[in-house]
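This briefing is meant for a reader meeting the structure for the first time. Please look over the sequence and the model below before going on to the points that follow.

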Amino acid sequence: MDVSAVLLVALLSFIFFATRTRRKPSDGRRRLPPSPLGLPVLGHLPLLGPLPHRKLQAMAAKHGPVMLLRLGRVPTVVASSAAAAQEVMKTRDLAFASRPRMRMAERLVYGRDMAFVPYGEYWRQARRVCVLHLLSHRRVLSFRRLREQEAAAMVDRVRASPGDAVNVTALIISYTNGVISRAAFGDEQSYGGLDGGEKLTKLFADFEELLGTVTMGDFVPWLAWVDTLMGLDARAKRTSAQMDALLERLIADHRHRRRYRRRREDDGHRDFLDVMLDVNEEAEKDDAGGRVVFDDVAIKAIVLDMFAAATDTTYTTLVWTMAELINHPHEMRRVQDEVRSAVGDGGRVTEDHLPKLRYLKCVIKETFRLRTPLPLLLPRETMEDTELLGYHVPARSRVIINAWAIARDPTAWERPDEFVPERFAGDDLTADYLLGQDFRFVPFGAGRRGCPGVGFAVPSMELALASLLYHFDWELPAGGPAKLEMDELNGLSVRLKATLLLVAKPWSP
């Protein structure tokens, strides 16, 4: 070994042991959470692997439900129990209510959205607009017609699908994109030169993939050049420009059509862009100082939030649900019998049938538990010094809630790694059954930063699943494996790694 190599090893050893000595708090009265051994410079970042929720679960089993990690230069507290989640999202909700700045979110949603922005007045106003104007019960009901039309179109695509196997993954992506595109932008859109099919799907897929990408610059700023070298910066710039141009054209088109509608005194069907433009105009009238919070940039950012949340989580969960049912034929038959009994000879599932489908709701809820689409939720950031299960958490610490680990905690659930929809049979399964107060089950978060879009997502998922199970019997292609592999792929959400290919056999009453 030459002299330079010896010096390098000595330097790294010095940094390593110096890092270890700083793990203990200087104030003995303030007990920090336990922390595993990390590496120089990068800390625990390289230890997380391609599926961080699983690695963090294993680390929590050894170090406890509250851990302190060092992800590059970012101190990060990981909560992995229902008690810790309840303290973060309820007991001390305000102290944990902010968000860290993330480079991809800043680039793709302008730093002006509702999901990713730090806690403050802008966030409060953005959430109020979303809850009252975009995601209210009345607004969700107004989209019933388009959900039923998209579900019927999905069934028609299965019937017309050539070959022996149906690409269920692509089928469900097309359905979810259709629902949210029409809800956000309206029924009659040219999408600014995009055909509304493959090109639009590719654009939104790139957007969602980049939004779920963790960049090196977020954790080690002086290594941000790695993101450039990997092409992330160029991809983000290109995707952001294409998305911005599309939204600009859609907003201009809406403003033109709104003027035409007003001359006819015909309000028509109002999509998300229409509602946001209403808010924008009201703000202009009411604000004497000329400061308009919900300008075009804010409109684009919030609509993109709605699109990302309504497509990625919804289609990921539907694909997981179909995959679980294929591997559990008894449960598949039971939910099909329920749907077919409720619909009868009508030949078409409508939203009038959904309240009768209790077991279908249990199946969806169990899929959310077992296959939590956002296993680490969105990260939080503390706004002040606070505590978590007796440990000191300094201000501006990043906080991760491992909802996936909590939902598989063997001390909280019987047979936690098994698909058992019956476990929820006695629960309240009304419209908000995915946003209860049970902190063992938090797929959409809770508290101030909980997802307000559950009421929009639930009928879309229930209608799609009921339609697919009413009209067809499903099985794996002949000659393949007897059971579907359930490997995961990490992204904005954690999805089924393999493309879901199934054979659909038409069923008639």
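What percentage of the 509 residues in the protein do buried residues make up? The answer is 52%, and it should be read with the caution that this is a predicted model. The secondary structure comes to 18 helices and 11 strands, and of the contacts in the protein with a separation of 6 or more, 75% are accounted for by residues 24 or more positions apart.

**Nonpolar cores**

- The largest nonpolar core holds 112 residues, and those that touch the most other members are Leu134, Phe185, Phe272, Met322, Phe456 and Trp474.
- Helix α14, which spans residues 296–327, contributes the largest share of this core, namely 17 residues.
- Leaving out residues up to four places away in sequence, Leu134 touches Val129, Arg139, Phe272, Val275, Met276, Ile302 and Met306.

**The largest cavity**

- The structure holds 4 cavities of 30 Å³ or more, and the largest cavity has a volume of about 640 Å³.
- The lining of the largest cavity is made of 37 residues, of which Ala115, Ala309, Leu374, Leu378 and Cys451 lie nearest its centre.
- By residue type, this lining of the largest cavity divides into 26 nonpolar, 4 polar and 7 charged residues.
- At least two residues of the lining are supplied by each of α5 (121–134), α14 and α18, and the largest share, 7 residues, comes from α14.

**Cys451**

- According to the UniProt record, an unreviewed entry, the annotation "binding site" covers Cys451.
- Cys451 is found in the loop between α17 (403–407) and α18 (454–471), and Cys451 is also one of the residues nearest the centre of the largest cavity.
- Is Cys451 buried, partly exposed or exposed? Cys451 counts as partly exposed because its relative accessible area is 24%, a value that falls between the limits of 20% and 50%.

- Glu150 is found in helix α7, which covers residues 144–160, and Glu150 is buried because its relative accessible area of 13% is under 20%.
- Glu150 touches Arg157, Tyr175, Gly178, Val179 and Arg182, when residues up to four places away in sequence are not counted.
- Asp345, by contrast, counts as exposed, with a relative accessibility of 68%, and its place is in the loop between α15 (329–343) and α16 (358–370).
- Asp345 is in contact with Tyr470 and Pro509, once its neighbours within four places in sequence are left aside.
- Although Asp345 and Ser508 are 163 residues apart in sequence, they are 8.4 Å apart in space, taken from C-alpha to C-alpha.

**Helix α3 and what covers it**

- In helix α3, which runs over residues 82–91, the buried residues are Ala84, Ala85, Glu87, Val88 and Met89.
- The elements covering these buried residues of α3 include the strands β1 (66–71), β2 (74–79), β4 (380–381), β5 (386–388) and β7 (398–401), together with the helix α17.

Notes: Residues numbered from 1 in each chain as written. Predicted model: local features only at pLDDT ≥ 70, side-chain atom pairs only at ≥ 80, totals over all residues. Heavy atoms only, no water. Core = buried A, V, L, I, M, F, W, Y, C linked by side-chain atoms within 4.5 Å. Buried < 20%, exposed > 50% of the residue type's maximum accessible area, 1.4 Å probe, protein only. Helix = DSSP H or I, 4+ residues; strand = E, 2+ residues; numbered from the N terminus. Contact = heavy atoms within 4.5 Å. UniProt positions renumbered as here; feature names shortened; annotations may be inferred. 1 Å grid on protein atoms, 1.4 Å probe; cavity = no way out; pocket = protein on both sides within 12 Å on 5 of 7 lines; lining within 4 Å. Points joined across faces, edges and corners; volume = space filled by probe spheres on them. Nonpolar A, V, L, I, M, F, W, Y, C, P; charged D, E, K, R; others polar.
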